[in-house]
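This report covers selected helices, strands, backbone angles and salt bridges. The sequence and structure come before the details.

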Amino acid sequence: MVGGKDRRGLSLSQKGLLLVGVPAIFQVLLLASLFAFERAHDRARAAELRRKEVVVSAYRLLALLIDAETGMRGYLITQKPEFLEPYDRAVREIPKELSRLRALTESDRAVGELDQIAARATASLAFQTQNRQLIQSGARATALDRVQRGIGKQIMDAFRTSMDQLLAAEQRAAANEEQHSIQLRSRLNAALGVGTAANIAICVGLILLLTRSFTRRLSAVIENTYRLQQHQALLMPVGGEDEIGDLDRRIHDMAAALEKAENDLTRFFTISLEMLCIAGFDGFFKRLNPVWETVLGYSSQELYSRPFIDFVHPDDREATVAEAKRLAEGSTTVRFENRYRHADGSYRWLLWNAAALPEAKIIYAAATDITQRKQFESTLQDQNAALESANRELESFSYSVSHDLRAPLRAVDGYTRILEEEYGAALDDEARRLLNVIRSESRRMGVLIDDLLAFSRLSRQSLSWAEVDLGEISSEIIAEKRRRYPDRTIEFANGEAPIARADRSAIRQVLFNLIANAVKYSKPQAPIHIELGGRSSGDHNLYWVRDHGIGFDMRYAKKIFGVFQRLHSDGEIEGSGVGLAIVQRIIQRHGGRVWAEGEPGKGAVFFFTLPVTQIEIQEMELINERSGNSAGRG
Amino acid sequence: MNEVEILLVEDNPHDLELTLRALRKNHLANSITSVTDGEEALDFLFARGKYLGRDVSNGPRVVFLDLKLPKVDGIEVLRQVKADERTKKIPIVIVTSSAEERDRVESYQLGVNSYVVKPIEFDSFMKTITELGFYWMAVNKSAP
């Protein structure tokens, strides 16, 4: 009935409908034929009843006519009126009986016979009526003659013949109907039998077909879901356009997607530079990527075969176990470090990130070999320690300088003074002049030491940041200088220098040294002009201090910032040669730059920049930078 | 034995000579004891070693203490004197060439009574020592 292709073309609900619908149609057909048979049967019964009534009615008619005839014969003989009573009844009853009979046979074929019966019954009754009239009119003999001649008998015989014909016709009709009814019943039986059989066959067939279509394919789908879970290859697609087919296709799609995801994962797993692993709560690795073999030198078989804790450095085991426990309790491991043994017996530092999936009792972890970094760190620590110790040495050196260099100076000064006091009278002018030179030189050396110490201290102090107004500080310094040199005219042009973000006392030192420089290198006897200026310039501020002093040769523009670098001989200008070095150091520590422009006889400008946002440059960086620079300059 | 009025701890013989000269000139050095290292200073103050038998309670009225000393340095001497109940009331004046902030901070933390940087120039040096002697001998009232 249904081809494989067609069957698959139907959805599950359509198939269900088929399973219910086809038998239902057969049942409806069966019911309809049963109903038709019932109707026919009812009709047959009604016809039979009617026929019986026809017979009864016919015989009653016959009885009425016979009674009327018999009564009339008695009247003829006796002339007693009571014998007329059957005749009178017949006259009354026969029309009624005839009409009943007609009603019964109205739809029948026997209309002809009925008309004949009616006519003959009426004729018989008319014969008796004539006889009665003859008798009553006194012509009894005529009546008797009529009877003796058998006229009445002939009429009655004719009536009987008609009645027999009617009955025979009815009989035939009954027989016909009986025949029809039997045929109908047998047809019905046949239909019932065939229909039921067909119905059962169809049901069985459908059930078989659909069961095959459902069960076999469903079990394939179930098998596929199991295989999917087990990461096994799936069965061939079950096909079909129904829901089972859809489900199977989805499962195949899912398997393909999973396989792709798995492939992606495997690819990443394989190409990763990190050490990736999946480990069980049982303490064994479940999956490792190839980096493990590279980093630790063991084959993966060796790594799988033993609990991972076996590979951990004995000193790190406790921490590792504790970390694994925390993981199992649901926390995440971030930047955990431990050491793993390499096949050669050495240890590798590993840095871990990990997370667990407690319901699956597994840990996902990624590790990086940080052995080299650890070595760098340790080297760096050593270097830092060395640096710190160097710094301490430097500090102790400056301490010695401050203490030990001063004492002899004081002694030189002191003993010179004692010599003057005790033996002054015995000395001539030249001897006293020589003593003065000794004293002034020892004083100068004291100043030198102080400056050097200040310079050294500068490196070790950290900066304290504040908003610094360079104009205000410069004005203070200028006022100080005016008090110090009352005989000099100092003109100060205070330009609008932007507020700086810097260490106030350090910047004061810078401005003090620059202004002191300007005063120091001014032209003798002339008014001293000093100008402070500044402007914002992007991420830093630019400042400058300009003078109209003796200036310098640009060839030495870089040299002037070196310690003890002086462009003028001691005889010309007094100074230690540290001031500008201090200026440079302070500006550099603020992350700024300093440079100078000048021309002999025309003055000098000292420029420096300060970043707008504070950055503190450490002494070490400056030292590194300086060594780099000097190498660059050759 | 007369009461020791000033204990001078100074390892530099020239500084010692200049200091004594300044104090004597102003008649402030009636009873000066001078030692040249930290260990001897502690021996004196706690009456031990070659000062065994000295009465500890008969302490100096003031100690002029240099910081950079052989054997035991000045900071250590200061620490021990100020840590001991018997000696903690003795005024200690650090007289040093060191203007180092670190030394100053540490000295004051240990309870120094005064911190003086030796001026480099002779005049200032003499003046400072004279004032110190005058202040601690004549002006200051020591603890009972």
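Two strands pair if DSSP finds at least two bridges between them. Helices (H or I, at least four residues) and strands (E, at least two) are DSSP runs, numbered from the N terminus. This is a predicted model, in which local features need pLDDT of at least 70 and side-chain atom pairs count only at pLDDT 80 or more, while totals for chains, interfaces and linings use all residues. Residues are numbered from 1 along each chain as its sequence is written, chains are lettered from A and ligands numbered from 1 in the order in which they are written, and side-chain values use heavy atoms, with hydrogens and water left out.

**Strand S1 of chain A**

Strand S1 (residues 275–280) of chain A pairs with strand S5 (residues 362–369) of chain A in the antiparallel sense over six bridges. Within that pairing, Cys277(A) has Ala365(A) of S5(A) as its bridge partner. S1(A) also pairs in the antiparallel sense with strand S2 (residues 285–288) of chain A, over three bridges, and here Ile278(A) stands opposite Arg287(A). The hairpin of S1(A) and S2(A) has four residues between the strands, and Gly283(A) takes a positive phi near 95° in it.

Six of the six residues of S1(A) are buried (under 20% relative accessible area; exposed is over 50%, partly exposed in between; 1.4 Å probe, protein chains only). In a regular strand the side chains alternate between the two faces of the sheet. Met275(A), Cys277(A) and Ala279(A) are buried on one side of S1(A), and Leu276(A), Ile278(A) and Gly280(A) on the other.

Most residues other than glycine have a negative phi. Arg335(A) has a positive phi of about 55°; this residue is found in strand S3 (residues 333–341) of chain A and is exposed at 53% relative accessibility. Ala47(B) has a positive phi near 55° and sits in the loop between helix H2 (38–45) and strand S3 (62–65) of chain B. Ala47(B) counts as buried, because its relative accessibility is 10%.

**Helix H3 of chain A**

The 22 residues of helix H3 (residues 84–105) of chain A should span 32 Å at 1.5 Å a residue, which agrees with the 31 Å between its end C-alpha atoms; the expected span is 1.5 Å times one less than the number of residues. A kink of about 35° lies at Glu93(A), shortly before the proline Pro95(A). The bend at a residue is the angle between axes fitted to the seven residues ending there and the seven starting there. The buried residues of H3(A) include Tyr87(A), Ile94(A) and Leu101(A).

**Salt bridges**

A salt bridge is a side-chain nitrogen of Lys or Arg within 4 Å of a carboxyl oxygen of Asp or Glu.

| Pair | N to O distance |
|---|---|
| Asp264(A) and Lys260(A) | 3.1 Å |
| Lys325(A) and Glu329(A) | 3.5 Å |
| Arg508(A) and Glu480(A) | 3.3 Å |

Arg508(A) lies in helix H14 (residues 504–520) of chain A and Glu480(A) in helix H13 (residues 470–484) of chain A, so the pair ties together parts that are 28 residues apart in sequence. Arg508(A) is partly exposed at 24% relative accessibility, as is Glu480(A) at 31%. Asp264(A) and Lys260(A) are four residues apart in helix H7 (residues 243–271) of chain A, about one turn of the helix. Lys325(A) is exposed at 53%, and Glu329(A) at 59%. A network of salt bridges links Arg410(A), Glu10(B), Asp15(B), Asp66(B) and Lys118(B).
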